[in-house]
Amino acid sequence: AGDNEGPAMLIDGKNGTKWCVTNFSSAYIIFETSSAVNVSGYSITTGGDNKSYPGRNPKNWKLYGCNDYTESGTGTWKEIHSVTDDTVLQDKNYTTYSFVFDRTETAYQYYKLEITAIQSGDVMQMSEFALTDCSHSWTLETVGPTCKDQGYTATICTICNSIKEKADYTPVIDHNYSGTDGACIYCGYKASDFDHIF
């Protein structure tokens, strides 16, 4: 889509810029870190107009690591993480979503993000991509349901608070009006707010 929306925009640290690929069939970006690093996850930030132009988020992608890449294109790439039929990324503007996994045993200096499908249409865009490094220490926590959200159990890192996975969902419950002035302790609504129902 032009240099102003080229691949360098993906790692410039600015949400206001983006990497945009028109006439999309597939795309990849290869980048080098200043020194070899282990990774335990990454984040993707959506573009600034995803809400107006839905379907531009990646759907299928893979992240690879390598230590012998050359500019001639050779290198031994090791798959680190993959996503198929993604449902995490939403059509929201400038919104960051995290993907977490166990820390790689190998530290890599070259990384490749390869996108093979998008949600719909023929334009792919992403605002930011960032690697994360944490020696995760996982614990299982239970989050109770509220009047707005389901409850679940989650595998959470005690160091960075990243959520690895959620499971054992429980249904939404009724309002609890035991709060101040009869307000629901979960959402703040008061029972009196529902006096006038037509």
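Here is a short chat about the chain shown above.

Q: What kind of model is this, and how are things counted?
A: It's a predicted model: local features need pLDDT of at least 70 and side-chain atom pairs count only at pLDDT 80 or more, while totals for chains, interfaces and linings use all residues. Residues are numbered from 1 along each chain as its sequence is written, and side-chain values use heavy atoms, with hydrogens and water left out.

Q: OK, how many helices and strands does the chain have?
A: Zero helices and 12 strands. Those are DSSP runs numbered from the N terminus, with helices being H or I of at least four residues and strands E of at least two.

Q: What about the overall dimensions?
A: The C-alpha atoms fill a box of roughly 70 × 40 × 25 Å along the principal axes. The radius of gyration is 21 Å, whereas a compact globule of 198 residues would have one near 16 Å. That radius is taken over C-alpha atoms, and the globule rule is 2.2 Å times the number of residues to the power 0.38.

Q: How much of the chain is buried?
A: 38% of the 198 residues. Buried means under 20% relative accessible area, exposed is over 50%, and partly exposed lies in between (1.4 Å probe, protein chains only).

Q: Switching to cysteines: how many disulfides are there?
A: A search of the whole structure finds zero. The cut-off is a pair of cysteine sulfur atoms within 2.5 Å.

Q: New topic: where does Lys-166 sit?
A: In strand β12, which covers residues 163-170. Lys-166 is partly exposed, at 40% relative accessibility.

Q: Which residues is Lys-166 in contact with, leaving aside neighbours within four places in sequence?
A: Tyr-152, Thr-153 and Ala-154. Contact here means heavy atoms within 4.5 Å.

Q: And how far is Lys-166 from Thr-155?
A: They're 6.6 Å apart in space, C-alpha to C-alpha, and 11 residues apart in sequence.
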